[in-house]
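This briefing covers the structure shown below.

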Amino acid sequence: MIAPSHPASALEARIAADPRYVALVRDRQRFSWTLTAITVIVYSSFISLIAFDKPFMARSIGGGTTSIAVVLGAAMLIGTIAICAVYVRRANGEYDARLAALLAELAA
Amino acid sequence: MIRRLMLTTGLTALLGWTTGASAEITGAITQQPTNWTAIAMFGGFVAITLWITGMAARRTRTVSDFYTGGGITGFQNGLAMAGDYCSAASFLGITSQIFNDGYDGLIYAIGFLVGWPIVLFLIAEKLRNLGRFTFADVASYRFLQGPVRSFSAVSTLLVVAFYLIAQMVGAGQLIQLLFGLPYLYAIVAVGGLMMVYVLFGGMRATSWVQIIKAVMLLCGATFLVLGVMAHVGFSFEALFARAVAVKTRVALESGLPPGEAAAKGRAIMGPGGFIKDPISALSFGFALMLGTAGLPHILMRFFTVPDAREARKSILWATVWIGYFYALTFILGFGAIVMISFNPEYVDAAGALRGGNNMAVMHLAHATGGNLFLGFISAVAFATILAVVAGLTLSAASAISHDIYASVIHKGAADPVKELRVSRITTILLGIAAILLGIVFQKQNVAFMVSLAFALAASGNFPVLVMSLLWKGCTTKGAAWGGAIGLLSAFVLTVLSPVIWVAVFHFDQAVFPYSSPALFSVPAAFLAIWAISVTDRSPRSAIDKAGYPEQRLRSETGIGVHSPAAH
C-alpha cells in the first residue's frame, strides 16, 4: 500500500538537493509545457479556421480536387503523432539518461 | 419507425456526436436477414478470447494480477489502448458521415486524437511513477484517503455509467443491423461476455481482448483501404476527384441545375455544417481533448506497464494506431462515395443506403471482399464493443474494490483475498447492471451520453490529477470539493444544454446555449480547487502541503514505483 506520509529517505533528500536534479526537472517541465502549449494552440487554430473561414479551407491546392482542409486535416493527424514522438524520444533518451546517471552516482 | 429512431440515437450516442445538427445520423433502417457468416466469424473471436481468458484465469491469483495483468510492454499496451479507444461507432459512424457529407467526419476524428499528447506531456510519467492500480492512487497520494478516493470513485462510476449505457444501447442496435438478431440477445451477449472476461481473466484477459480487437480492426480497415486505393489507381487526387464527380452526379440527378450541382459535389472537400458556432466547437473539442486525459479506464492502462519509460512508449504507440485508424476511416468514407453510390445492390433509387445510413463501410466491405469479408467486418464491429465495455467494467470494479473497499473502508489494510473477492462480486453486479441499463435505455434518447462522459472526465478527474501532481498548495479539501464542483457543473450545464434540455426534455429553448460544457466547467474546477485550497486552514492542509516534495521527487524519478510484475 502506498504510504503518503512516510519519511523521505536520505537518498531522496540527497537527490532533491542536487542541482543536476533540479535542472533536469526544470528542463523536462519546460519542454512538456512548451509542447502542451503548441498542441493546444495548433488545435484551437484549426477549429477556429473551420469555424470562421470555411471558404479558405475548401480552396483547392494546385488547381486539383485536393483541398486545403484535407491537407491540414492530414497534417493534424501526422503532427499529433509526430509531437508525441518528439517528446518520447527526448524523455526516454536524454532525460532518462541524465536521471539514470544521477541516481547511479548518488546511490553509490 | 421506432427502430429507426433507436438506431439513430444509438449511433449518435456511441459517437457523442452532438455539435452540429447536420452531424446527426438519420435514415431508415431495416433489420437485416440473419447473417450466419458474421455470427460464425464472431463465434471464432469469442472462442479465442475465452481460451485466452481461461489461460489468464490460471495466472490471476492476486489483486495485482487482477488490476494490472502482471505486466505487458509499452507496444502491447499502446495497441490495447487503441483497442480500448477506437469504437465501433467511429468505424461505422465516421465513414458514413463522410459518405454523406464529406470532410466533416475528419474534424471529429482529430478531436479524439489530440487528447493523447496532453496525456503524454502532463500526466503519463507521473501517473505511472506514483500509482499502482487506479488513478485515485495518484490523485490521493499525499491527501487524506477518504475524501479524495471517494470523489475519484464516484467520478469513475459516473463516467463509466454514461459511457457504458451508450455502448450497450449501441451494441443492441448494431447487432440487429449486422447479425440480424434481436436487441435483447446482443445486450445479454455483450453483458455476459464482458463479465466472463473481467471476472476470470481480470486485466490480463481484458488487455488481450483489446489487443486482438485492435489488430483485427486495423487489419480489416487496411485491407478495405487497399481495395479502395487499387480501385482508383493508388492516387488520392483521383479518389477525391471521382468522389466529387459522383456527388455532383447525385446532385444533378436530384434535379439541381448544373452550377449548383457542381458546387454541391465540390462541397465534400471542405468543412460543412458540423461546426457552426465556434464556442460550442471549441468547448466540444476541449471536452474530447481533456476528457481523454481523465477517462478512468484509459488511465488504468498505465499501471499495466513497468515504468514511466514504457508508459510513454504506450502513448506513442496508441497515438500511432489511433491516428492511423482515423486516417483509414477518412479514406474509407471517400471510397464508399466512389464505389457504392450508384450500385443498386447497396443504394436504393432515392440514393439512400440500403439497411440504414450507417452501412456505408459494410457495403464497401461487401463490394471489396464479398460476403466473407462483410462477415469479418461485422464481427470486428461487435468485438470492438466488447473490448470497450470490458475495459470500462474493470475500471469501475477497481474503483469499488481498491478505492472504496480496500482504501477507504479498510484504510489500506484489507485482506487481499477479500479485496479480490469484492472486485469479482462487483464485476458480476456491474455486468447485471449493464444488461438492465441496456434494456431500460433501449428506447431512450442517449445521444448525449458519451460526450457527457468525456465532459465529466475533463471537468472532474483531469483538474484533480493535474493540480495534485503539479501544485504543492493543493489540499485534500481543494481536490475533493473542487473536483466535485467540476463534475457537478459539467453535469448541470449538460442538462441545461440543447443536447438534453431540448432533445430529451423537449423544451423550446436551451438555458445553456452551447453543446458542451467543458470550456466553462474545466476552468470552474481549476478555480474551485485553487480557491478552496488557499482558504483551507485545517490542520490536514499543512500535512497535504508538506507531502508535496516527496510526492514530486517520486513522480519525477520513479523511486518506489510499483511494478505490475513485482511479486
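In this predicted model, B:I425 is partly exposed, with a relative accessible area of 45%. The residue sits in helix 17 of chain B and belongs to a nonpolar surface patch.

**Nonpolar surface patch**

- Together with B:I425, the patch is made up of B:L184, B:Y185, B:V188, B:I428, B:L429, B:I432, B:L436 and B:I439, and its accessible area comes to about 820 Å².
- Two elements of chain B give two or more residues each, namely helix 10 (183-231) and helix 17 (416-440).
- The most residues, six, come from helix 17 of chain B.

**Nonpolar cores**

- The largest nonpolar core has 199 residues, and within it B:F91 and B:F334 touch the most other members.
- Helix 16 (residues 360-409) of chain B is the top contributor to this core, with 23 residues.
- Leaving aside residues up to four places away in sequence, B:F91 is in contact with B:L217, B:A221, B:L224, B:F325, B:T329, B:L332, B:V361 and B:I377.

**Other buried elements**

- Helix 19 (residues 461-470) of chain B is largely enclosed by the rest of the structure, because nine of its 10 residues are buried.
- Those buried residues are B:N461, B:F462, B:P463, B:V464, B:L465, B:V466, B:M467, B:S468 and B:L469.
- B:S401, in helix 16 of chain B, is buried at 0% relative accessibility.
- Not counting residues up to four places away in sequence, B:S401 touches B:Y67, B:A406, B:E419, B:V422 and B:S423.
- The C-alpha atom of B:S401 is 27 Å from that of B:V46, and the two residues are 355 residues apart along the chain.

**Salt bridges**

- Over all chains there are 21 salt bridges.
- One of them pairs A:R28 with B:E125, with 3.3 Å between the closest N and O atoms.
- This pair joins two chains, because A:R28 lies in helix 2 (residues 19-52) of chain A and B:E125 in helix 7 (residues 115-130) of chain B.
- Both A:R28 and B:E125 are buried.
- B:R309 and A:D96 form another salt bridge, at 3.5 Å from N to O.
- Since B:R309 is in helix 15 (residues 308-340) of chain B and A:D96 is in helix 4 (residues 68-107) of chain A, this pair also joins two chains.
- B:R309 is partly exposed, at 34% relative accessible area, whereas A:D96 counts as buried at 16%.
- B:E125 also forms a salt bridge with B:R312, at 2.6 Å from N to O.
- This contact runs from helix 7 to helix 15 of chain B, so it ties together parts that are 187 residues apart in sequence.
- B:E125 has a relative accessibility of 4%, and B:R312 is buried with a relative accessible area of 1%.
- A network of salt bridges links A:R28, A:D96, B:E125, B:K126, B:R309, B:R312, B:R552 and B:E556.

**Cysteines**

- The structure holds zero disulfides over all chains.
- For B:C86, the closest cysteine sulfur is in B:C219, 13 Å away, and therefore too far for a bond.
- B:C86 is buried, with a relative accessible area of 4%, and B:C474 is buried at 0%.

How values were computed: Residues numbered from 1 in each chain as written. Chains lettered and ligands numbered in written order. Predicted model: local features only at pLDDT ≥ 70, side-chain atom pairs only at ≥ 80, totals over all residues. Heavy atoms only, no water. Disulfide = S-S within 2.5 Å. Buried < 20%, exposed > 50% of the residue type's maximum accessible area, 1.4 Å probe, protein only. Core = buried A, V, L, I, M, F, W, Y, C linked by side-chain atoms within 4.5 Å. Helix = DSSP H or I, 4+ residues; strand = E, 2+ residues; numbered from the N terminus. Contact = heavy atoms within 4.5 Å. Patch = residues over 30% accessible without salt bridge, like charges linked within 9 Å, V, L, I, M, F, W, Y side chains within 5 Å. Areas by Shrake-Rupley, 256 points an atom, 1.4 Å probe, with all protein chains shown as cover. Salt bridge = Lys/Arg side-chain N within 4 Å of Asp/Glu carboxyl O.
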